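I opened my notebook to look through one structure, from its overall build down to single residues. Here it is for you to follow along.

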Amino acid sequence: MRLSRTADLWWKNAVIYCLDVETFADGNGDGCGDFRGLTQRVDYLHELGVTCIWLMPFYPSPDRDDGYDITDFYGVDPRLGTHGDLVEFLLVARDRGIRVIADLVVNHTSDQHPWFVSARSSRDSPYRSYYVWRDEPPADGPSDVVFPDQEDSVWQYDDAAGQYYLHRFYKHQPDLDVANPAVRDEIARIMGFWIELGLSGFRVDAVPFLLETDGAPDAAELPDPHEYLRDLRAFISRRDGEVILLGEVNLPYDDTRRFFGDEDGDELTMCFDFPGMQRLYLALARHDATPLLAALRDRPPAPKDGHWATFVRNHDELTLDKLDDGERQEVFAAFGPREEMQLYGRGLRRRLPPMLDGDPARIRMVYSLLFALPGTPTLFYGEEIGMGENLDIPGREAVRVPMQWSDGPNGGFSTVDPDAESDRLPAPVVQGEYGPAKVNVAAQRHDPTSLFSWVAALVRRYRQCPELAWGAGSTLDHDTASVLAHWTEHEGRAVLTLHNFAASPTNVTLTLPEVGAGTRFVELLGEQAGAVRTVDDDGSLRLDLDAYAAHWLRTEG
């Protein structure tokens, strides 16, 4: 079933769910997740309310960076299935009204990619110019290392090539030279191929690095990198008007806004709100909404046809690099006091429930924020059931653990013998308090008090309130520092959301000049759903809030 093309701004009120095929569901019993297993779980995602699945890399790879080191941009890793398996999954997802986007990782390749194998073999190779080579590392070239615990330079000497090549990430991931028109043509062909197979867009990896021209020969004469983004957006729009570009742009707000393009949004369709996410954790650490309030007020509006993407955490480390040193230490002290919980001195390699000591009210408040505040909510697989991390797994992959479907062997992820062949799993199953014996889909799916039921209810309410996705929003002033009050209105209806960051009850009095005395609000969440709150004669609304309370109030109508 082809979705209507009239829904050309579908991302405005989408619910995005990021997953790694390898760790989501094993459909053939070999210990590795695959497209067959994922297809069998599409109905679960539909039940949750997901409207867009974001696939982490599924391409052939030596898997030295969890699939982000790619050897064939047109292929499917044989461990995960075939092109036929992928297309079947896409058709089943579409039949449930779910679009699919995938990681576009074209900042670099694996050093085992045929392009690089050819490029390093001879200066006369047609692929030599696909990469960035220098006889000596240039003084004015890029120098910041993305993984400072693993690499000490972005330049690596290659004996076979007799030159240095650029790698902003690992040395086994040589950077492509996107200033080269031939490389740009290749990227367009890659995108066109996957669009034809049924993808609705791409999450574009490491966008600022992709467009970087520092240190390139005649850099001043190269085309404007943003012109390239405009070309890509125009290309995919010609192919399919519903296709989106969701950009990983971890920069301050003003710099990120440039990647949307002009007022109409002619570059990236959406950008992740990294500064807002980081200020959220500072607010949680302080039990004070002020840092998140400041971020919301600083965040520039997206173009009319664009949107911000909001998230609690993603598949990488929970980066805190936009906080100052003192703020970062506050968050570390609250949520990652041990060195093994931290990464690169700039982020955390933990999931939310363990960070919040499993406090159900606090966890639910955070996910209420995700759906209530302006932007497209993005979930990372397992968040809906409160999965934890495995700190025994090195680096960022501590959170990329097998999905926990039941309390059975391997958490229901795979039927492979967990004793004889556990090393065949892509990662060890989480053990202990957050392991599948206590945290799994089967136990929560039909429990009305579970985190799964709470997140599913948030999805339903979010989809029922077009004000949240389409409306004009603003924060409201009041005198209770622990409470974030946000107001959104659209086509004559309004939603007021309140979230208490404090561990104790409080109250808040709001002045609502936008509505008249006697205006009635209906509570949408939790045990108080259906309760009515009425604006006083003086235009004020007073509310008593429990510790970590979350309230959504919608004008009656």
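**Ground rules.** I am working with a predicted model, where local features need pLDDT of at least 70, side-chain atom pairs count only at pLDDT 80 or more, and totals for chains, interfaces and linings use all residues. Residues are numbered from 1 along each chain as its sequence is written, and side-chain values use heavy atoms, with hydrogens and water left out.

**Overall build.** I looked up the secondary structure and found 17 helices and 22 strands. Helices here are DSSP runs of H or I with at least four residues, strands are runs of E with at least two, and both are numbered from the N terminus. The radius of gyration is 24 Å, close to the 24 Å that the globule rule gives for 557 residues, so the protein is as compact as a globular protein of that length. That radius is taken over C-alpha atoms, and the rule is 2.2 Å times the number of residues to the power 0.38. Along the principal axes, I read a C-alpha trace spanning about 80 × 60 × 50 Å.

Of the 557 residues, 59% count as buried. Buried means under 20% relative accessible area, exposed over 50%, and partly exposed in between, with a 1.4 Å probe and protein chains only. The protein exposes about 21,300 Å², and carbon and sulfur atoms supply 46% of that area. The areas come from the Shrake-Rupley method with a 1.4 Å probe; for residues, only the protein chains shown count as cover. I also checked contacts (heavy atoms within 4.5 Å): among those between residues at least 6 apart in sequence, 69% join residues at least 24 apart.

**Empty space.** Rolling a probe the size of a water molecule over the atoms shows where empty space is left. On a 1 Å grid over the protein atoms alone, a cavity is a set of points where a 1.4 Å probe fits but cannot get out, a pocket is an open set with protein on both sides within 12 Å along at least five of seven lines, and lining residues have an atom within 4 Å of a point. Grid points are joined across faces, edges and corners, and a volume is the space filled by probe spheres set on the points.

**Largest pocket.** I noted a volume of about 740 Å³ for the largest pocket. Its lining has 29 residues, and Val146, Phe209, Asn250, Asp321 and Arg346 lie nearest the centre. Helix α7 (residues 207-210) supplies the largest share, 3 residues. By class, I found 12 nonpolar, 4 polar and 13 charged residues in this lining. Ala, Val, Leu, Ile, Met, Phe, Trp, Tyr, Cys and Pro count as nonpolar, Asp, Glu, Lys and Arg as charged, and the others, Gly among them, as polar.

**Second largest cavity.** There are 3 cavities of 30 Å³ or more. Of its 15 lining residues, Gly276, Leu292, Thr310, Phe311 and Leu373 lie nearest the centre. Two or more residues each come from α10 (274-286), α11 (290-298), β10 (307-311) and α14 (360-372), and α10 gives the most, with 3. This lining has 11 nonpolar, 2 polar and 2 charged residues.

What does Glu467 touch beyond four places in sequence? I listed Thr488, Glu489, His490, Arg493, Ala494, Val495 and Arg554. Glu467 sits in helix α17 (residues 466-470) and counts as buried at 1% relative accessibility. Ile190, in helix α6 (residues 181-197), is buried as well, at 3%. Leaving aside neighbours within four places, Ile190 contacts Phe73, Tyr74, Leu104 and Val106.

**Loop residues.** Most residues other than glycine have a negative phi. Ala206 has a positive phi of about 50°; this residue lies in the loop between β7 (201-204) and α7 and is buried at 6%. Asn410 has a positive phi of about 60°, lies in the loop between β14 (376-380) and α15 (441-444), and is buried at 8%. Asn390 also lies between β14 and α15, is buried at 11%, and contacts Ala398, Val401, Pro428, Val429 and Val430, leaving aside neighbours within four places in sequence.
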